[in-house]
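User: I have a chain open here and would like to talk through its packing with you. Could you take my questions as they come?
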Amino acid sequence: MAEPRMTEHTQTVLRALLGQGADGERRSAILNKGLYGLELSKTTDLPNGTLFPLLERLRQAGWVERKWEEDPTAAEREGRPRRRFFRLTDKGAEAAPLALAAATATGLAAGRSAGRPGLAGGAHA
């Protein structure tokens with residue numbers, strides 16, 4: 001599948017999955033284990049209807065993998081639904097920083113999108 005478009009939202013999700021802004025120990029945990037859906041939604045401030053289709057496109061591009069939490073009884077013990085974690089694949093961990101740098105260099109950094117020219121402030125995909 002083709003490389004994902006570097007929209008503002010894609011960049012936000014990739015930064016979260018790279019652990020940007022997190023301290024060393026937290027960043028390492030994010031890179032190794034990933035973030036579960038609700039945690040990722042809160043971190044990125046993206047609604048589910050935006051976040052999960054974007055994660056699916058990243059998964060189809062081979063940049064993200066998803067898996068259920070390892071201890072299926074943890075959810076039951078804690079009285080919550082099972083968590084599905086999302087983390088960068090080796091391909092994604094290698095490609096994401098380069099794609100983010102390229103997007104920044106070409107003026108597609110946060111706050112602007114190339115998706116729909118002519119709209120004030122750019123489109124939010």
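User: Is Trp63 buried or exposed?
Analyst: In this predicted model, Trp63 is buried, because its relative accessible area is 2%, and a residue counts as buried when that value is under 20%.
User: Where does Trp63 sit in the chain?
Analyst: Trp63 is found in the loop between helix H4 and strand E2, the strand that covers residues 64–68.
User: Which side chain does the Trp63 side chain make a polar contact with?
Analyst: The partner is the side chain of Glu3, and the distance of that polar contact is 3.1 Å.
User: OK, what does Ala99 touch, not counting residues up to four places away in sequence?
Analyst: With those residues set aside, Ala99 touches Met6 and Trp63. Ala99 has its place in helix H6, residues 90–105, and with a relative accessibility of 15% this alanine counts as buried. Glu3, the polar partner of the Trp63 side chain, has its C-alpha atom 9.4 Å from that of Ala99, although 96 residues separate Glu3 and Ala99 along the chain.
User: Let me step back for a moment. How many helices and strands does the chain have?
Analyst: The chain has 6 helices and 3 strands, and read from the N terminus on, its elements run α-α-β-α-α-β-α-β-α.
User: And what percentage of the residues is buried?
Analyst: Of the 125 residues in the chain, 38% are buried. As for contacts between residues at least 6 apart in sequence, 62% of them join residues at least 24 apart.
User: Now the helices. At what angle do H1 and H3 pack?
Analyst: Helix H1, residues 8–17, and helix H3, residues 37–44, pack at an angle of about 120 degrees, and their axes are 10 Å apart. That angle makes H1 oblique to H3, and the crossing of H1 and H3 is right-handed.
User: Which residues make the contact?
Analyst: From H1 the contact involves Thr12, Val13, Ala16 and Leu17, and from H3 it involves Leu40, Thr43 and Thr44. Sorted by class, the residues of the contact of H1 with H3 are 4 nonpolar, 3 polar and no charged.
User: How many residues of H1 are buried?
Analyst: The count is 8 of the 10 residues of H1, so this helix is largely enclosed by the rest of the structure. Among the buried residues of H1 are Glu8, His9, Thr10 and Gln11, and the set also includes Val13, Ala16 and Leu17, which take part in the contact with H3 as well. H1 is followed by Gly19, whose phi is positive, near 75 degrees.
User: What about H3 and H4, at what angle do they pack?
Analyst: H3 and H4, the latter covering residues 48–60, pack at an angle of about 115 degrees with their axes 10 Å apart, and H3 and H4 are therefore roughly perpendicular to each other. The crossing of H3 and H4 is right-handed.
User: Who contributes on each side there?
Analyst: On the H3 side the contact is made by Gly37, Leu40, Ser41 and Thr44, and on the H4 side by Asn48, Leu51, Phe52 and Leu55. By class, this contact of H3 with H4 has 4 nonpolar, 4 polar and no charged residues.
User: Ser41 then: buried or exposed?
Analyst: Ser41, which lies in helix H3, counts as buried, because its relative accessibility is 13%. Not counting residues up to four places away in sequence, Ser41 touches Leu46, Asn48 and Leu51. Ser41 and Ala16 are 25 residues apart in sequence, and the distance between their C-alpha atoms is 9.9 Å.
User: Last topic, Arg80. Where is it found?
Analyst: Arg80 is found in the loop between helix H5, residues 72–78, and strand E3, residues 84–88. Arg80 is buried, with a relative accessible area of 17%.
User: What does its side chain make a polar contact with?
Analyst: The side chain of Arg80 makes a polar contact with the side chain of Glu78, at 2.8 Å. Leaving aside neighbours within four places in sequence, Arg80 is in contact with Glu69, Ala74 and Ala75.

How values were computed. Residues are numbered from 1 along each chain as its sequence is written. This is a predicted model: local features need pLDDT of at least 70, side-chain atom pairs count only at pLDDT 80 or more; totals for chains, interfaces and linings use all residues. Side-chain values use heavy atoms; hydrogens and water are left out. Axes are lines fitted to C-alpha atoms, for helices over the stretch in contact, and angles run from 0 to 180 degrees between N-to-C directions. Helices (H or I, at least four residues) and strands (E, at least two) are DSSP runs, numbered from the N terminus. Angles under 35 degrees count as roughly parallel, over 145 as roughly antiparallel, 65 to 115 as roughly perpendicular and the rest as oblique. A crossing is left-handed if the near helix is turned anticlockwise from the far one by less than a right angle, and right-handed if clockwise. Contact means heavy atoms within 4.5 Å. Ala, Val, Leu, Ile, Met, Phe, Trp, Tyr, Cys and Pro count as nonpolar, Asp, Glu, Lys and Arg as charged, and the others, Gly among them, as polar. Buried means under 20% relative accessible area, exposed over 50%, partly exposed in between (1.4 Å probe, protein chains only). A polar contact is a pair of N or O atoms within 3.5 Å; within protein, one must be able to donate a hydrogen and the other to accept it, and residues adjacent in sequence count only if both atoms are side-chain atoms.
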